[in-house]
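User: I'd like a quick tour of this model. Can we start with the aromatics?

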Number of protein chains: 4
Amino acid sequence: MDPTAEHRYVITLSCPDTTGIVARIAGFLADAGGWIVEAGYHSDPATGWFFTRQVVRAESLPFGAEELRERFATVAADLGGDTTWTVTDTREPKRVVMLVSEEAHCMHDILGRVAAGELPVRLACVIGNHDRLGPIVRAHGVPFHHVPFPPPGGDPDARAAAKAEAFGQVRHLVEEHDPHAVVLARFMQILPPDLCRDWAGRAINIHHSFLPSFVGARPYHQAYARGVKLIGATCHYVTPDLDAGPIIEQDVIRVDHGDTAADMVRRGRDIERLVLARGLRWHLEDRVLVHGNKTVVFP
Amino acid sequence: MDPTAEHRYVITLSCPDTTGIVARIAGFLADAGGWIVEAGYHSDPATGWFFTRQVVRAESLPFGAEELRERFATVAADLGGDTTWTVTDTREPKRVVMLVSEEAHCMHDILGRVAAGELPVRLACVIGNHDRLGPIVRAHGVPFHHVPFPPPGGDPDARAAAKAEAFGQVRHLVEEHDPHAVVLARFMQILPPDLCRDWAGRAINIHHSFLPSFVGARPYHQAYARGVKLIGATCHYVTPDLDAGPIIEQDVIRVDHGDTAADMVRRGRDIERLVLARGLRWHLEDRVLVHGNKTVVFP
Amino acid sequence: MDPTAEHRYVITLSCPDTTGIVARIAGFLADAGGWIVEAGYHSDPATGWFFTRQVVRAESLPFGAEELRERFATVAADLGGDTTWTVTDTREPKRVVMLVSEEAHCMHDILGRVAAGELPVRLACVIGNHDRLGPIVRAHGVPFHHVPFPPPGGDPDARAAAKAEAFGQVRHLVEEHDPHAVVLARFMQILPPDLCRDWAGRAINIHHSFLPSFVGARPYHQAYARGVKLIGATCHYVTPDLDAGPIIEQDVIRVDHGDTAADMVRRGRDIERLVLARGLRWHLEDRVLVHGNKTVVFP
Amino acid sequence: MDPTAEHRYVITLSCPDTTGIVARIAGFLADAGGWIVEAGYHSDPATGWFFTRQVVRAESLPFGAEELRERFATVAADLGGDTTWTVTDTREPKRVVMLVSEEAHCMHDILGRVAAGELPVRLACVIGNHDRLGPIVRAHGVPFHHVPFPPPGGDPDARAAAKAEAFGQVRHLVEEHDPHAVVLARFMQILPPDLCRDWAGRAINIHHSFLPSFVGARPYHQAYARGVKLIGATCHYVTPDLDAGPIIEQDVIRVDHGDTAADMVRRGRDIERLVLARGLRWHLEDRVLVHGNKTVVFP
């Protein structure tokens with residue numbers, strides 16, 4: 001958290017589109033003296049749905065976050081039964097839990113960003129299925145928990161049981177913090193459906209391809225085999241359908257015939273880091289509104 | 001013009017920032033039944049100025065463009081004496097005049113875009129200081145006027161007089177159409193101050209560098225000499241200060257040590273075309289609001 | 001063709017990799033006094049194959065293109081039976097035939113580039129399945145042939161016969177020119193297998209997605225439905241497998257939630273134009289070597 | 001260092017261009033049985049100079065790095081008195097010293113890359129003019145030295161003396177390691193001319209603008225004032241002329257009217273990190289050859 005940052009409230013709202021929504025919200029804020037410093041609107045002709053994100057200077061309002069929520073609930077109620085909305089206070093830092101494996105570049109990147117004061121976040125803990133990364137994480141003042149997962153092979157039933165046991169531990173460690181985001185920073189384990197469901201809209205994955213190309217395992221090797229000229233990464237919300245959740249952000253980097261699959265693995269990391277960091281920031285700043293399997297992102 | 005495009009009104013407004021502006025505008029539109037399909041807002045903390053662009057479905061309003069202008073004038077008047085605003089009707093195509101020289105890639109690109117129905121524009125005419133391009137322009141159904149300019153060298157006074165004479169002709173040919181945009185599509189002649197002033201906010205230039213680097217002549221050769229790794233182009237409004245007007249759009253392309261200055265000239269054309277086409281489209285769609293020497297672009 | 005361009009010979013070669021290939025080729029050229037101005041090498045560890053492209057100043061050699069071909073054949077023969085190679089002369093302009101339909105933005109772009117002297121090519125003719133584009137093409141001094149294709153619907157057998165008949169005409173018109181490239185500039189008709197085979201390595205398509213995502217029809221609509229944050233285009237050699245041939249070039253452009261499928265269609269054109277123009281230039285300058293289903297591109 | 005990476009020798013050479021250079025080098029390598037796995041050539045028509053970088057499998061040669069150097073010296077001697085060349089062994093890790101200040105994002109990024117095994121480097125030490133970063137650096141197993149610099153203001157002579165004293169300490173700490181690279185990772189102190197001279201070709205700076213725009217202090221604030229639509233970063237060799245040394249790498253990121261100068265500072269960090277990491281990697285892999293004030297980069 002940047003202590004010099006201005007104190008603000010962030011309002012998001014989605015509702016069926018109709019005439020007068022902006023007037024209703026803006027009128028409410030104006031009546032209360034609210035000074036809007038950022039405002040994004042989106043009207044989606046395909047679904048007939050309306051989305052907005054508004055940022056208001058806290059000191060321009062004569063009441064606090066709690067009362068803003070109460071009052072705004074009345075506005076939202078006028079806009080139809082399907083309306084969903086949030087009001088957050090930039091003084092309340094968001095809690096993040098990170099799940100990692102051995103490929104630690106995304107974790108290092110996020111630790112570095114938090115250390116540099118770039119991400120508006122409190123890192124509650126890091127959970128790893130190897131213990132090698134503990135010392136660095138702890139040097140950043142962040143708790144590290146080692147939850148071993150069963151290696152590939154062996155008796156399938158025993159492995160499934162061990163995996164379920166491990167995910168039980170992960171669930172426990174995560175939910176203790178009631179985090180705003182659970183970041184799968186190249187975690188390399190597929191979340192079981194119950195966690196996908198319970199963490200819906202909060203579990204964020206970075207997939208190392210430009211989805212929907214190259215779903216599943218070893219996407220860089222798939223990309224190499226196809227001979228593509230750009231490789232990419234995708235940050236998306238986790239859903240039970242593998243690599244098919246709502247996309248938050250994507251980007252690509254150029255490769256050429258001289259890049260082996262191993263080169264692509266290395267070069268792709270630059271895009272994974274960037275795409276995950278952007279997606280996570282937008283999520284934490286309430287810039288991402290999910291509707292069906294798509295996102296509205298107010299950048 | 002896309003005849004299937006929906007009929008819309010586009011409102012832009014700039015005024016000193018204060019509480020309640022959005023409520024005032026949105027309330028006005030909601031009262032009239034106006035259905036907003038696009039809305040952009042910008043509040044600039046550095047200048048304390050507010051900017052908005054709103055797009056309304058024409059058929060959602062019970063009156064036409066003329067009456068919308070009259071009524072909106074009342075709203076704008078409430079927002080302070082320095083307020084500037086426009087209301088345009090997407091059924092009234094914008095008129096464009098293009099000035100060209102020998103480097104015709106930007107002109108070919110715009111002609112192609114108009115032929116493909118991509119730019120919401122009526123090409124009023126093309127004015128060239130060489131006559132070679134006449135046949136192609138006319139094949140596109142666009143009038144072409146040849147206005148010769150004096151070549152470099154010779155008696156300076158005679159040359160200045162000939163140039164002033166040529167610019168007089170250009171002014172006459174341009175102003176006959178009262179165009180929404182005068183596009184200097186690599187025109188290679190510096191507009192005299194009186195034309196800069198009279199066409200302020202309408203004269204659009206494409207400069208073949210990433211400004212403010214490499215102002216003036218032969219920017220690719222300057223870029224080559226400095227050994228930069230990216231070259232760029234800048235679309236900006238013309239002002240009497242050479243290459244220093246408000247920037248509408250910029251982009252870059254990667255080069256390397258194997259690119260000679262001539263290669264940069266060739267490769268840079270791809271960026272010039274793209275940047276000019278984007279900047280011109282945004283200008284014609286009233287997406288660009290100028291404030292001081294900077295632009296707000298609602299994309 | 002740029003008449004001021006230097007006279008050069010371009011050599012390409014692919015062969016099984018082993019020690020001494022570069023020495024063999026460079027030794028041959030050095031013995032003849034050949035001045036190498038560009039040289040690209042690629043050694044592919046996955047296939048054990050070697051690729052090179054060399055550009056030599058014509059006047060540095062004491063013999064012409066024909067004798068260079070004869071002498072180089074001896075060098076190539078030393079490098080194994082599977083070796084393939086070409087020697088071309090930059091003074092012999094390449095012939096291109098373009099196939100178009102109604103979406104003419106790529107065609108306009110290529111016509112503009114040829115008019116601006118940017119592409120090293122002689123446009124032999126344009127073949128369209130609608131006649132609307134004839135006048136503009138002919139204004140560029142390029143012959144235009146209208147070959148009507150049967151519209152969708154109707155009796156399938158009659159339609160198949162009419163289509164075969166139309167493709168027969170296209171084949172005849174194309175092969176008359178023995179072109180170095182047959183460009184499907186958004187032709188929107190799937191080439192029959194016999195043409196794919198006979199024009200292998202010369203038929204170049206632009207597909208309006210970032211392959212392998214969104215193969216087949218209406219890729220922008222597929223992209224819109226998936227909610228991707230970038231859209232792309234792919235220039236590839238045509239093979240009987242739809243949209244699965246060797247990729248020459250790809251690029252992408254950012255979109256957001258505000259872009260409808262129609263906006264993506266419009267915005268994607270900028271990438272289609274650019275990617276096709278780059279791919280075609282590289283093909284014509286002998287920069288693209290195909291191996292299996294992948295390309296080596298010496299840029 | 002990746003212990004699974006193949007053992008290789010990297011040869012670089014610059015010399016006056018003439019016929020037969022490639023044949024001479026390739027012939028030498030072929031005679032020794034050398035298997036070339038990467039080869040880059042550049043012939044610069046403007047300066048008449050030739051550049052090459054070759055990578056050879058160590059086990060393909062019947063001798064080691066020392067003898068390769070001795071033998072290659074004979075080849076180089078044949079190519080003229082101005083020839084410069086290097087032969088390095090990928091088994092000998094390069095030593096890097098990093099200088100940092102308070103803006104630590106580039107340092108965090110490089111520490112993370114080294115921890116993730118991405119950069120072929122041994123971090124000899126980090127020198128900071130504040131001591132806050134010590135614990136994190138040491139948690140990475142890297143020595144950290146705190147060298148305080150005088151704050152702005154105060155008596156100019158006393159300040160100059162304190163600064164000279166501090167730079168003396170920095171020189172001592174750096175030269176102890178005879179590093180291949182001295183990285184100014186947002187060090188924010190201008191190197192004195194004697195260090196620029198003594199570390200020529202090894203001192204690498206990241207400047208937070210797209211040079212040559214916005215030389216000197218507070219480049220993001222300069223960019224904000226000019227209203228540019230892209231901001232950038234430049235990795236370059238340090239020379240006594242401020243921000244004017246040979247450019248290794250540059251890149252840009254899009255900004256818009258909604259970005260304040262502070263936003264640009266934050267967003268620019270992503271480009272600074274990336275550009276410095278790329279430039280440093282290329283330097284350490286002997287991919288960068290300097291000639292005059294420009295670089296040849298074999299990527």
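User: C:Tyr41 and C:Phe50: buried or exposed?

Analyst: Both are buried (under 20% relative accessible area; exposed is over 50%, partly exposed in between, with a 1.4 Å probe and protein chains only). This is a predicted model: local features need pLDDT of at least 70, side-chain atom pairs count only at pLDDT 80 or more, and totals for chains, interfaces and linings use all residues. Residues are numbered from 1 along each chain as its sequence is written, chains are lettered from A and ligands numbered from 1 in the order written, and side-chain values use heavy atoms, leaving out hydrogens and water.

User: How are the rings of C:Tyr41 and C:Phe50 arranged?

Analyst: They form a tilted aromatic pair, 6.2 Å centre to centre with 45 degrees between the planes. Rings of Phe, Tyr and Trp (its six-membered ring) pair if their centres lie within 6.5 Å; planes under 30 degrees apart are stacked, over 60 edge-to-face, the rest tilted.

User: How many aromatic pairs over all chains?

Analyst: The structure holds 28. One is edge-to-face: B:Phe149 and B:Phe167 have ring centres 4.9 Å apart and planes at 80 degrees. Both B:Phe149 and B:Phe167 are buried.

User: Which residues form one aromatic cluster?

Analyst: A:Tyr41, A:Phe50, B:Tyr41 and B:Phe50.

User: New topic. Why does A:Ile190 count as exposed?

Analyst: Because its relative accessibility is 56%.

User: And what is the strand order of the open sheet in chain C?

Analyst: β7-β6-β5-β8-β9-β10-β11, seven strands with mixed pairing. Strands are DSSP runs (E, at least two residues), numbered from the N terminus, and two strands pair if DSSP finds at least two bridges between them.

Notes. Helix = DSSP H or I, 4+ residues; strand = E, 2+ residues; numbered from the N terminus.
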